[in-house]
Every structure is written in C-alpha cells, then in structure tokens.
Amino acid sequence: MENDRLWTGDVNEAVVEEWKDETSPFERVKEVLLSTTSFQYAGTIAERARVSEPSARKHLRTLADSGFAATENTGQGTRFKRSSESIAMERIKELHTELTRDELITGIQSLKSQIQAYQDEYDVTNPDDLALELEPADDGWEIISQWQAIEENLDLAQAALSLYDFDPDRGSSDEAGSSDRSKGAFAEDIDGLSA
C-alpha cells in the first residue's frame, strides 16, 4: 500500500520552505526582527530570514528608517534589533483592540491607585526617589521594579485610551482657509507653547 509509507523528509526544512514560498524577503526579515531583542549583524538576521546578506541589510535599513529597527554602529558594521518604540506601539495597539474604553479607564484607575499606595507607603513620589532612600539591606528594592512596570503600563494604557479620541482627519477639510492638521501639526503646536 503506497499510502502507508511514512514520510522521511525533515519537517523543519519543510516548514522553512513553506515559509519562504508564502512570504517575501522583506516580510521574513521583519518577522525575524520581531524576535530580535539584542543587537545582531545583518548576516545573522539574513541567515535566520533565509535571505542574502545584502537583501537583509537593505530591508533592515528600511525598517530602521521607519523606526521599527534600532541600530548600533560598531567598528565592524551596523547591528540591528527591534526598536523599543515599535514594541510600545504594538502593545498600545493590542490594548486598544482588546479593551473597551471603559475597561481601559478602569485599568488606568487601578494602576494609579497602585502608584498612590506606593507613594503613601514609602513617602516618595516615584521609584527613583525610593531607590535614593533605601539602604542596601532594606526591604523595598523589589518594589522599585514593580513600580516602574506599573508606570510603564499606565503610560501604555493612557496612550491606548487616547486612540479612542484620535481622529487623523479632524482639523483638515476642503474649505478655503482651513489648515491641514496632518504631519507636523503636533510639532507646530509644541513650538507655539514654547514661544
């Protein structure tokens, strides 16, 4: 019976070949970069993405120009990893997609309550102040990293909540004399505040 014969191929190679067939070189480089949390040379990323090194370098430069990749120049070339900004933006997008406006507001209130509890318990305003107050043998050192994580989560939650009110088309219209509030409007607003 021909159907009873076992497949003797390498499953890992089969998966890689399917991945290569279904994605472009750019998509593979970007996908590899998603899991690259420490700086790597283009050659290493190229190998993992199954593309040539020049192709990887070209795509990594594009990803760096768009803010998706962070770069580090060394004496031997440029190394790349996923940028912290892209990680934050992805997390903000996830929160905005997964949670309703009311859930985000409730979460923000809870995070602020936790921060207030730390401030009251340790009589400081932020984790850096707590670090300055503690002696090496004191309890509370583990609280510093927890507090920092809560503040980071609060920032992300507030950004996700702000997306509910974000309208990129607000302020721009076809009427004569109206201003375009697209690119650069934020910078103009900031400049106006500092003047």
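**Chatting through a predicted model**

Guide: In this predicted model, buried residues make up 23% of the 195 residues in the protein chain.

Visitor: OK, and how many helices and strands does the protein chain have?

Guide: The count is 9 helices and 3 strands. Going along the sequence, the pattern reads α-α-β-α-α-β-β-α-α-α-α-α.

Visitor: What share of the contacts between residues at least 6 apart join residues at least 24 apart in sequence?

Guide: That share is 54% for the protein chain.

Visitor: Let's do the sheet. What's the strand order, and is the pairing parallel or antiparallel?

Guide: The order is 1-3-2 in an open sheet of 3 strands, and the pairing is antiparallel.

Visitor: Which strands stand at the edges?

Guide: Strand 1 (40-41) and strand 2 (69-74) do. Each has a single partner strand, so one side of each has no neighbour in the sheet.

Visitor: How many bridges hold strand 1 to strand 3?

Guide: Strand 1 pairs with strand 3 (residues 77-82) over 2 bridges, in the antiparallel sense. Take Gln40 as an example: its bridge partner in strand 3 is Phe80.

Visitor: And how many bridges join strand 2 to strand 3?

Guide: There are 6 bridges there, and those two strands also run antiparallel. Strand 2 and strand 3 make a hairpin, with 2 residues between them.

Visitor: Which helix lies across strand 2 and strand 3?

Guide: Helix 4 does, and it runs at about 115° to strand 2.

Visitor: While we're on helix 4, is His59 buried or exposed?

Guide: His59, which sits in helix 4 (residues 53-65), is buried, with a relative accessible area of 11%.

Visitor: Why does 11% get called buried?

Guide: Because the cut-off for buried is under 20% relative accessible area, and His59 comes out at 11%.

Visitor: What is His59 in contact with, leaving aside its neighbours within four places in sequence?

Guide: His59 is then in contact with Pro25, Phe26 and Val29.

Visitor: New topic: helix 1 and helix 2. What's the crossing angle of their axes?

Guide: The axes of helix 1 (residues 11-22) and helix 2 (residues 25-34) cross at roughly 120° and come within 8 Å. That angle makes helix 1 oblique to helix 2.

Visitor: Which residues make the contact?

Guide: Helix 1 brings Trp19, Lys20 and Glu22, while helix 2 brings Glu27, Arg28, Glu31 and Val32.

Visitor: Last topic, aromatics. How many aromatic pairs turn up in the whole structure?

Guide: The search finds 1 aromatic pair. Tyr118 and Trp147 form it, with 5.4 Å centre to centre and 35° between the planes, which counts as tilted.

Visitor: Where do Tyr118 and Trp147 lie?

Guide: Tyr118 is in helix 6 (residues 101-122) and Trp147 is in helix 8 (residues 141-162), so the pair ties together parts that are 29 residues apart in sequence.

Visitor: Is Tyr118 buried or exposed? And Trp147, buried or exposed?

Guide: Tyr118 is buried, at a relative accessible area of 12%. Trp147 also counts as buried, with 0% relative accessibility.

Key
Residues numbered from 1 in each chain as written. Predicted model: local features only at pLDDT ≥ 70, side-chain atom pairs only at ≥ 80, totals over all residues. Heavy atoms only, no water. Axes fitted to C-alpha atoms, helices over the stretch in contact; angles between N-to-C directions. Helix = DSSP H or I, 4+ residues; strand = E, 2+ residues; numbered from the N terminus. Parallel < 35°, antiparallel > 145°, perpendicular 65-115°, else oblique. Contact = heavy atoms within 4.5 Å. Buried < 20%, exposed > 50% of the residue type's maximum accessible area, 1.4 Å probe, protein only. Pairing = 2+ DSSP bridges. Phe/Tyr/Trp six-rings, centres within 6.5 Å; stacked < 30°, edge-to-face > 60°.
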